[in-house]
Amino acid sequence: MVRIEVVDIEKPEGVEVIIGQGNFSIFTVDDLARALLTAVPGIKFGIAMNEAKPQLTRFTGNDKELEELAAKNAVKIGAGHVFVILMRNAFPINVLNTVKNHPAVAMVYGASENPFQVIVAETDLGRSVLGVVDGKAANKIETEEQRKERRELVEKIGYTIH
């Protein structure tokens with residue numbers, strides 16, 4: 001028997017989230033924290049990772065609020081070896097390669113500032129992430145004006161296309 005659950009990720013407005021899965025959480029949670037610190041000067045973050053044995057959530061970071069929320073969200077997800085990163089002063093694009101290239105990271109499910117949900121399956125053995133829902137579904141194609149606004153915003157935040 002499999003039970004499916006939708007877990008809403010709790011985070012303040014403007015906070016980015018990255019959800020992934022790895023292994024060796026006793027080491028990985030601190031190592032990913034060091035990697036984030038060196039990836040973006042001024043980053044504020046909390047990271048939590050569920051350990052299958054001894055069935056607890058390990059957490060760290062440099063922002064107490066984000067650490068506590070990352071741990072709370074990881075416990076709600078409940079799947080072994082899943083990690084939750086919550087961050088300010090950085091975009092996922094700034095850290096995703098750093099996170100994905102860590103030897104203990106198996107995959108990243110998603111990364112966004114949007115409202116975020118995790119779809120979890122539960123069996124007799126435990127819980128597993130099936131996927132994520134990242135914001136609302138697109139329902140139209142951008143206009144030329146919206147395209148211009150998008151490119152102006154990208155340039156404003158430092159990512160220029162010429």
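I began with helix H1 (residues 25-39) and helix H3 (residues 92-100), whose axes lie 10 Å apart at an angle of about 140°; helices here are DSSP runs of H or I with at least four residues, and strands are runs of E with at least two, numbered from the N terminus. Axes are lines fitted to C-alpha atoms, for helices over the stretch in contact, and angles run from 0 to 180 degrees between N-to-C directions. For the contact (heavy atoms within 4.5 Å) I noted Leu32, Ala35, Leu36 and Ala39 of H1 and Asn94, Val95, Thr98 and Val99 of H3.

This is a predicted model, in which local features need pLDDT of at least 70, side-chain atom pairs count only at pLDDT 80 or more, and totals for chains, interfaces and linings use all residues. Residues are numbered from 1 along each chain as its sequence is written, and side-chain values use heavy atoms, with hydrogens and water left out.

Next I looked up the strand pairing, which requires at least two DSSP bridges between two strands. Strand S1 (residues 3-8) runs antiparallel to strand S7 (residues 116-122), joined by six bridges, and Val6 stands opposite Ile119 in S7. S7 is in turn joined to S8 by seven bridges, again antiparallel, with Val118 partnered by Val132 in S8; a hairpin of four residues links S7 to S8.
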